[in-house]
Amino acid sequence: QAQFEESGGGLVQAGESTRLSCAASGRTLSTYTMAWFRQGPGKGREFVAAISWSSSRTLFADSVKGRFTISRDNAKNTVYLQMNSLKPEDTAVYYCAGTKSGSTSTNEHWYDYWGQGTQVTVFS
């Protein structure tokens, strides 16, 4: 059973924007380090972005820097991924992940809890 649930995926035109949401299932995210990963067609899972407990530290993959923003609203128990200037190569299943560790990481194995993923398809 997935610990998180992603939403906001779908079909979007290149150059446009969309926002993904990650909601907790049966747990409170206030002390979790959170991250987004993605897996494109025929590719392995790759790091996208991460955010610390208090939002004081964020980390982004080079491929999305300047285009994507990760944020969180602990009161709503939700993490977001704002995706701007989307490109066809952003097409992937996007996964929300979390850990109770106090540090961020680009390594998927650092994260203990995962959502089921949501598909984002970008067309030109």
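Two strands count as paired if DSSP finds at least two bridges between them; strands are DSSP runs of E of at least two residues, numbered from the N terminus.

The model is predicted, so local features need pLDDT of at least 70 and side-chain atom pairs count only at pLDDT 80 or more, while totals for chains, interfaces and linings use all residues. Residues are numbered from 1 along each chain as its sequence is written, and side-chain values use heavy atoms, with hydrogens and water left out.

**View 1. Strand β3 and its pairing with β1 and β8.** Strands β1 (residues 4-7) and β3 (residues 18-24) run antiparallel and are joined by four bridges. Glu6 has Cys22 in β3 as its bridge partner. Six bridges pair β3 with β8 (residues 78-83), also in the antiparallel sense. Tyr80 in β8 stands opposite Ser21.

**View 2. The salt bridge between Arg38 and Glu46.** A salt bridge is a side-chain nitrogen of Lys or Arg within 4 Å of a carboxyl oxygen of Asp or Glu; five are counted by this rule. The N to O distance between Arg38 and Glu46 is 2.8 Å. Arg38 is buried at 4% relative accessible area (buried is under 20%, exposed over 50%, partly exposed in between; 1.4 Å probe, protein chains only). Glu46 is partly exposed at 32%.

**View 3. The salt bridge between Arg45 and Glu108.** The N to O distance is 4.0 Å. This pair links Arg45 in strand β5 (residues 45-51) to Glu108 in the loop between β9 (92-99) and β10 (113-114), 63 residues apart. Arg45 is partly exposed at 30% relative accessibility, and Glu108 is partly exposed at 27%.
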